[in-house]
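Please look through the structure shown here and keep it open while you read. The paragraphs that follow go from single residues in loops and strands to the ligand and the nonpolar cores.

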Amino acid sequence: MKPLLTFLITAMATWPLCAQPISIIPKPSRIEFGQGTFTLNRKTAIHAAPVKALVPVTRYLRDGLAAATGLSLKSRSGTLAASAVNVISFRLLPKDTSLGAEGYRLIVLPKRISVESMTPAGAFYAVQSLLQLLPVSGGRAREYALPSVMIADAPRFGWRGMHLDVSRHFFPKEFVKQYIDLLAMHKMNVFHWHLTDDQGWRIEIKKYPKLTRVGAWRVDRENIPEWTLREPQQPGETPTYGGFYTQDDIREIVKYAADRFVTVVPEIEMPAHVRAALAAYPQFSCTGGPFTVLPGSYWPITDILCAGNDSTFTFLQDVLTEVMDLFPGTYIHIGGDEADKTEWRKCPKCQARIKAEGLKDEAELQSYFVKRIEKFITSKGRRIIGWDEILEGGLAPEATVMSWRGINGGIAAAKQGHHAVMSPTSTCYFDYYQGPPEIEPLSIGGYVPVSAVYAYEPVPDSLSADEAKYILGAQANLWTEYIPTPSHAEYMVLPRMDAMSEVCWTQKSNRDWSDFAGRLEVMIKRYQRMGLNCARSAYAVRFDTAMDTLKHSATLMLSTEVPGTPIRYTTDGSLPTPASTLYQEPLTINRSMTIRAGAFDGHGLLDSVTSRSLVFHKAAFKPVKLLNRYARYAAGGPGALTDAMQGSKWYADGRWQGYQGNDLVATVDLQDTIAVSKIVTRYLQDPRSWIFFPDSVQYQISLNDSAYTDVARFVNPAPTAPQPAEIKEFAKDFPAAKARYVRVIARNLGTCPDWHAGKGQPAWLFVDEIVVE
Ligand code: TNX
């Protein structure tokens with residue numbers, strides 16, 4: 001007799017790996033469950049009719065199944081008998097069905113799996129759904145059970161896009177392919193490839209070899225990974241950072257994408273974001289240069305292509321001719337964003353052009369620029385798409401607008417009868433933080449958690465049904481100033497891309513956050529099995545406070561983005577464990593303390609622990625009167641300056657109150673005359689975000705709110721060069737004095753300094769707390 005353990009192991013290996021509840025992202029339009037299961041094993045065959053058109057689909061299925069299960073399936077040719085069993089059959093239907101160009105029907109029965117669609121693309125999306133019917137566990141078995149099911153599915157939008165910036169950091173060809181695989185897995189169909197910018201030109205152009213010989217390399221001052229450095233080419237040269245794709249690489253990638261029904265939209269930036277091109281060919285600038293390729297981080301600059309010089313247009317047309325040869329898709333993205341017109345205002349050639357063409361101003365010059373390029377591109381049978389700045393000065397006749405500075409660009413385009421793709425920063429910028437910054441890798445700023453992506457509705461309310469037809473779809477963007485490696489890029493797009501895919505694919509009425517969150521849990525396990533670096537930030541604990549100025553206390557609410565996830569916390573500074581107190585209701589806090597919290601499942605912590613400290617003092621939860629109003633960054637409103645909470649180095653953490661261009665003049669009513677001997681206020685400086693320390697700070701106390709006595713005054717010099725974010729306390733101890741009122745006057749720097757990109761524009765002053773002891 002076999003020993004029991006050996007018996008169990010052999011038995012387990014021969015039993016089919018069990019079917020699991022269906023969990024597909026993006027969610028299909030319709031799912032109906034049947035009886036029993038289909039057993040996938042090494043005898044399962046693939047049949048396709050017509051064979052040739054479906055080759056990329058069947059090949060992808062075979063490879064996908066081999067990777068997930070280890071099974072290698074054979075093809076079956078000839079006509080398929082109605083009685084054929086253990087087969088996955090694909091059939092292209094004539095044009096008269098209800099499925100639409102990209103829809104499919106996937107029917108899993110115990111004897112057979114059938115896929116019907118009008119196009120190979122539809123069949124490909126059926127394969128994606130089919131692969132997600134496989135168990136997540138990834139264990140190798142001889143057989144796999146797939147649940148009997150009928151799925152009828154079609155996308156909501158035709159433009160389901162993901163963008164990748166390969167200029168700010170260079171990503172190898174293999175990663176670009178992997179990124180396209182992620183798109184395909186999510187039934188996304190547009191890969192917007194941001195190939196050129198100030199920080200690097202990444203596409204080989206035969207006619208202008210210096211674009212990549214010079215423009216693809218930079219001496220970097222940012223923190224970049226070792227492996228990306230190019231050794232000096234000549235003695236004495238400094239190592240450079242960069243890289244580019246040869247035309248062969250590009251053709252390979254375009255083909256790879258096409259096999260996955262993904263269209264590549266190349267972006268060639270103009271008239272601005274062109275420092276790398278100008279480093280190679282300064283003659284196309286207004287000033288003549290010289291220029292260097294910029295280091296890693298984003299900083300809009302004034303260098304621009306000269307619009308008065310005809311050779312600039314010849315250059316661009318030559319470049320675009322090679323680009324159009326490489327990319328067969330309809331759309332060519334011509335950038336158009338953030339074109340600072342300073343140089344154009346000073347340039348005699350640009351001014352002459354304005355005169356000669358009867359243009360009103362530099363905005364119309366940009367419009368002239370784009371229209372001239374559009375004319376060239378449409379003459380080749382293609383269309384342009386550009387960032388929403390191309391609306392300024394008048395839209396080119398057939399241009400499509402990519403709305404990024406909010407949704408107004410998309411609305412304006414649709415109202416003018418132009419197509420638009422929606423990609424507003426508030427929900428589509430995957431370079432922004434997705435969780436509490438204290439546990440996230442340094443990012444460019446902002447806050448776009450996965451739930452915000454999921455909640456995004458691409459069709460603005462203000463459009464009529466007719467206008468709404470101009471919204472082609474939506475897209476998420478991955479700008480890479482702060483994203484140097486493939487694994488970091490994966491972390492930024494996963495799992496927000498899952499949410500985005502559902503925004504683009506699934507009907508609005510079929511979207512539901514908590515249902516999605518459940519499916520996402522399964523998807524995260526798939527990513528783990530595939531060795532992908534997926535963020536779990538949705539499970540990080542967030543803190544919300546409500547202040548009670550009558551009871552002088554705060555109420556603290558703990559939550560994650562996934563409702564119902566158990567949260568455990570400590571108040572003694574220790575790390576929470578599965579045995580720590582379970583969070584059940586808001587906590588009342590009336591003394592200094594630090595709360596550390598984490599979300600747990602049966603296996604342990606789901607993401608890093610986050611914490612919130614409350615520091616009590618004599619002014620805590622006392623009312624504050626403000627002379628000037630803060631703007632946008634309210635930190636919870638008027639009480640924020642006495643809420644016992646301190647901000648982090650992240651300006652948008654919800655704890656900083658921001659004043660734009662005006663001063664902080666705050667009076668705290670201590671509600672009783674008490675002894676006061678210390679006043680401290682805290683400020684943030686982050687020049688990158690136009691935030692500066694006050695240039696002077698003054699403290700006063702009073703018994704009656706009319707006669708005030710000065711107790712301190714500080715002067716603080718403005719920074720003279722870019723600096724990282726920093727927090728500063730202005731603290732003053734003084735002999736104890738009786739006071740009922742404390743006043744703080746902090747003077748805003750006024751405008752951004754001369755060296756700063758926001759020179760002359762209002763500076764921000766950020767303050768988090770007025771501490772009184
Ligand atoms: C703005 S989005 C830019 C990019 C930056 C991005 C950073 C757009 C058209 N321009 O150049 O990389 O912000 O989030």
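Phe-261 sits in the loop between α6 (247-258) and β15 (263-270). The model is a predicted one, and in it Phe-261 has a positive phi of about 60°, although this residue is not a glycine. Most residues other than glycine have a negative phi, and most peptide bonds are trans. Phe-261 counts as partly exposed because its relative accessible area is 21%, and buried would mean under 20%. Along the chain, Phe-261 and Pro-56 are 205 residues apart, while their C-alpha atoms are separated by 9.2 Å. Pro-56 belongs to helix α2 (residues 55-69). Its relative accessibility is 21%, so Pro-56 is partly exposed.

A positive phi is also found at Gln-671, with a value of about 65°, and Gln-671 is not a glycine. This residue is part of strand β31. With a relative accessible area of 37%, Gln-671 is partly exposed.

Strand β31, which spans residues 664-685, also holds Thr-681. Is Thr-681 buried or exposed? Its relative accessible area is 0%, so Thr-681 is buried. The side chain of Thr-681 makes a polar contact of 2.9 Å with the side chain of Tyr-683. Beyond its neighbours within four places in sequence, Thr-681 is in contact with several residues, including Val-697, Tyr-699, Phe-730, Glu-769 and Ile-770.

Ile-770 turns up again in the surroundings of Ala-619. Ala-619 touches Thr-642, Val-668, Leu-670, Ile-770 and Val-772, when residues up to four places away in sequence are not counted. The place of Ala-619 is the loop between β28 (610-614) and β29 (624-626). Ala-619 counts as buried because its relative accessible area is 0%. Glu-769 is 150 residues from Ala-619 along the chain, and the C-alpha atoms of these two residues are separated by 9.7 Å.

Prolines come next. The peptide bond that joins Ile-25 and Pro-26 is cis, with omega about -5°. Pro-26 is in the loop between α1 (4-14) and β1 (30-40). Another cis peptide bond joins Gly-289 and Pro-290, where omega is about 0°. The loop that holds Pro-290 runs between α7 (275-280) and α8.

Pro-135 is located in the loop between α3 (120-131) and β7 (144-153). Pro-135 has a relative accessibility of 10%, so this residue counts as buried. Pro-135 and Ile-524 are 389 residues apart along the chain, and their C-alpha atoms are separated by 13 Å.

The ligand is the next stop. How many residues surround the ligand? There are 13, and the closest are Arg-168, Asp-337, Tyr-429, Asp-431 and Glu-481. By class, this shell has 7 nonpolar residues, 1 polar residue and 5 charged residues. Some pairs of atoms can be picked out. Between a polar side-chain atom of Glu-481 and an oxygen atom of the ligand, the distance is 2.5 Å. Arg-168 has a polar side-chain atom 2.8 Å from an oxygen atom of the ligand. For Glu-338, a polar side-chain atom lies 3.4 Å from a nitrogen atom of the ligand. The ligand taken alone exposes 360 Å², and the protein buries 97% of that.

The last topic is the nonpolar interior. In soluble globular proteins, nonpolar side chains tend to be buried together. In this model, the largest nonpolar core has 137 residues, and the members that touch the most other members are Phe-191, Trp-193, Ile-203, Leu-211 and Phe-327. Which helix gives the most to this core? Helix α8 (residues 310-326) does, with 8 residues. Another core, of 38 residues, lies apart from the largest one, and among its members are Val-57, Ala-123, Tyr-144 and Val-149.

Technical notes: Residues are numbered from 1 along each chain as its sequence is written. This is a predicted model: local features need pLDDT of at least 70, side-chain atom pairs count only at pLDDT 80 or more; totals for chains, interfaces and linings use all residues. Side-chain values use heavy atoms; hydrogens and water are left out. A residue is near a molecule or strand if one of its heavy atoms lies within 4 Å of it. A polar contact is a pair of N or O atoms within 3.5 Å; within protein, one must be able to donate a hydrogen and the other to accept it, and residues adjacent in sequence count only if both atoms are side-chain atoms. Accessible areas come from the Shrake-Rupley method with a 1.4 Å probe; for residues, only the protein chains shown count as cover. Ala, Val, Leu, Ile, Met, Phe, Trp, Tyr, Cys and Pro count as nonpolar, Asp, Glu, Lys and Arg as charged, and the others, Gly among them, as polar. A nonpolar core is a set of buried Ala, Val, Leu, Ile, Met, Phe, Trp, Tyr and Cys residues joined through side-chain atoms within 4.5 Å. Buried means under 20% relative accessible area, exposed over 50%, partly exposed in between (1.4 Å probe, protein chains only). Helices (H or I, at least four residues) and strands (E, at least two) are DSSP runs, numbered from the N terminus. Contact means heavy atoms within 4.5 Å.
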